[in-house]
Structures are given as C-alpha cells and as structure tokens.
Amino acid sequence: MSKIRAAITGVHGYVPDYVLTNAELETMVETSDEWITSRTGIKERRILKGEGQGTSVIGIESCKGLLEKTGTDPKDIDLIICATVTPDMPFPATANIIADKIGAVNSFSFDMSAACSGFLFALTTGAQFIESGTYKKVIIIGADKMSSIINYEDRTTCIIFGDGGGAVLLEEDKEGNGIIDSILKTDGSGAEYLGMQGGGSRLPATVESVLAKKHYAFQEGSTVFKFAVTNMADVSAEIMERNKLTGDDIAWLVPHQANKRIIDATARRMEIDDEKVMINIQKYGNTTAGTLPLCLWDYENQLKKGDNIVLAAFGGGFTWGSIYLKWAYDPK
C-alpha cells in the first residue's frame, strides 16, 4: 500500500482593495520610493480598511474562494488551522470565527502563532492529521492584518508590512505527491529583536503602555536581516541535501516575502535560477503568515503535478523553517 501523504489540492488568496504606495508613505515618514525599493523590493502593499474589519475577513474570503474552486462542501471540512499574529481578538480563535462564517460546522479549529513562519508550522501540523488517517479534508490559512499593529511613524516597519493572506486545502495523496519533508526551528532569544511587547499577560493594555507605543510591532532591522539571511538559506539548503536534491531538481522556491535581498540570498545558497523563485513582494509587501499562500495563489497556473517545490520562511521571535513537497495537480 502506498504511503499516505498530505497534498495541497487547492489554493486561494485574498488581498484588500486599498493600495498603499511608496509615494503615499513618503508623505507619512521620512523615506522615498528609491530607498524602499532598493532595500526591500517593495513598491506597494494592501491595507484592510473599514470599521470592525479583522484578519477573519481575509481568512473568510480566502476560504470561500477555495471551497468554490475545489467544489468542496464546507460541511466536509474536518479541521481549520489559521496561522496569524493579528487575531481578531485574543479569544475566541480567529479560526473559529472563520469556520462559523463559511459554514464548516463539522470542523474543529484553532489558531497558530509563529509570525512569518506560521503558514509553514500550520501546514506541517495539519499534514499530520491527514497522514495519520484521522481526517480527510483540512484547511490551512495564513493571514494577517499587519496594519493593525504597525506604527506609521516608524519607517523601520511601516514600509515593509501589508495585509492579506490565503488558504490551501489538504487531502490525502497516494501517488507520491504532497508534503515529503519539513524542518522547523525556533529560538526564543530573538524576542528582543522582533516582536510586540504590549497586549499580552506580561504587559496588558494601559494608558501608559499605549502612549509608550508598546502595542506596535518592532524590529531591530540589521540584526533581523542577518539572522534571516543565514537561517532561511541554511534550512533550505539542509532540506535539499537531506532529500538529495540539487537546484536543477527544484521547479519552484516559495520564499517568505520579507525582503528581496533575503530572497536572493536564499536562492543563491540553493543554486536556484531567478526564474524559479516566486516573488510578489513588490505588490503586497510582507503579509507575515500570508506571504506563502499568496505566492502559491499568484503562481498556481504555472504549477504542474509532480513539481518539486521548496517553501521557506523566517519570522519574529525567532521562527524559521522549510518544507519540501511535490505539487499534486495540474493547472485547470
């Protein structure tokens, strides 16, 4: 009997309508289009506007599109995992809200917080339920409304982040496709370089904490850049070596869209040609847990059954990892 693997059988994404350009950011902080583009590769990002609009909106729209294009009854969904660091509220889980709104009445659901590596961690977790035979249909969401925790007076963060995300359907595969290997890492010492201090049990919201801007994301750019370049490249090279793959064997690298220079460094380490690297950072910026599913959504029509694909990410706290999978379906 062939080994059961968890395979992505559909993907859909969602980004808000409002486009925040580099030109508009020039009116908000001391920066320029040339400075942003040369250092990050970002030209614009999307912002979710409107009262009461949270990350669940991104997840709901992604899931509705996913269910429609795959012809899946929401009642058949067994599990929903939402990777996010910007939940609608501390509880209930944003995944619970999404499940309710899409009619997935038979699923159980929970959130996962691993910053920019969240989609990787959630994808690997969801795959275990498929591989064990426990569940047949699992939805993995990566979504963030980063504009809700960004200080638009801080150019170290406001030029980078945007809102958006996507969702994939996981089902069993016995043809040798699906998720083959994963390497996931964390290092909590990175908390002092990239994170958010306020809003948790250590520092609940007070007038003082709000005035001190403790409820915004922060990063020490140069330190984060060095860690990201090294670790994202290392783990991607490690997963290739472990599976006896060369750059020629890889059809696509799906890198976290944090910084074009980090993406380029990872591709070079893997000896992968530029035309095999998924890039949409120029359109969306860094959507944290949303970047990887948004890449898969943008490039879906170019993916072919059996393609060797490597996903890689690095996130705050620190978190990082890589997944090797074989794509399970041809473009429709």
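1. Asn286 is buried, at a relative accessible area of 3%. The model is a predicted one. Asn286 lies in the loop that runs between α10 (281–284) and α11 (291–299).

2. The side chain of Asn286 makes a polar contact of 3.4 Å with the side chain of His256. Leaving aside neighbours within four places in sequence, the residues in contact with Asn286 are Cys116, Met146, Ile160, Phe161, Gly162, His256, Gln257, Ala258 and Thr291.

3. The unreviewed UniProt entry lists Cys116, His256 and Asn286 under "active site". These residues span 171 residues in sequence, but no two of their C-alpha atoms are more than 8.6 Å apart, so they gather at one spot. The annotation comes from that record and may be inferred rather than shown by experiment.

4. Cys116 sits in the loop between β5 (108–112) and α5 (118–131). Cys116 is buried, with a relative accessible area of 8%. Not counting residues up to four places away in sequence, Cys116 touches His256 and Asn286, along with Thr288, Ala289, Ala313, Phe314 and Gly315.

5. How many disulfides does the structure hold? The structure holds zero. Cys116 is in no disulfide, and the nearest cysteine sulfur, in Cys295, is 13 Å away. For Cys158, the closest cysteine sulfur is that of Cys116, at 16 Å, which is too far for a bond. The cut-off that matters here is 2.5 Å between the two sulfur atoms.

6. Is Cys158 buried or exposed? Cys158 has a relative accessibility of 0% and therefore counts as buried. The limit for that label is a relative accessible area under 20%.

7. A separate point concerns helix α8, residues 221–242. The helix has 22 residues and reaches 31 Å from its first C-alpha to its last, close to the 32 Å expected at 1.5 Å a residue. Buried residues in α8 are Thr223, Val224, Ala228, Asn231, Met232, Ala233, Val235, Ser236, Ala237, Ile239 and Met240.

8. After α8 comes Lys244, which has a positive phi, near 55 degrees.

How values were computed: Residues are numbered from 1 along each chain as its sequence is written. This is a predicted model: local features need pLDDT of at least 70, side-chain atom pairs count only at pLDDT 80 or more; totals for chains, interfaces and linings use all residues. Side-chain values use heavy atoms; hydrogens and water are left out. Buried means under 20% relative accessible area, exposed over 50%, partly exposed in between (1.4 Å probe, protein chains only). Helices (H or I, at least four residues) and strands (E, at least two) are DSSP runs, numbered from the N terminus. Contact means heavy atoms within 4.5 Å. A polar contact is a pair of N or O atoms within 3.5 Å; within protein, one must be able to donate a hydrogen and the other to accept it, and residues adjacent in sequence count only if both atoms are side-chain atoms. The expected span of a helix is 1.5 Å times one less than its number of residues.
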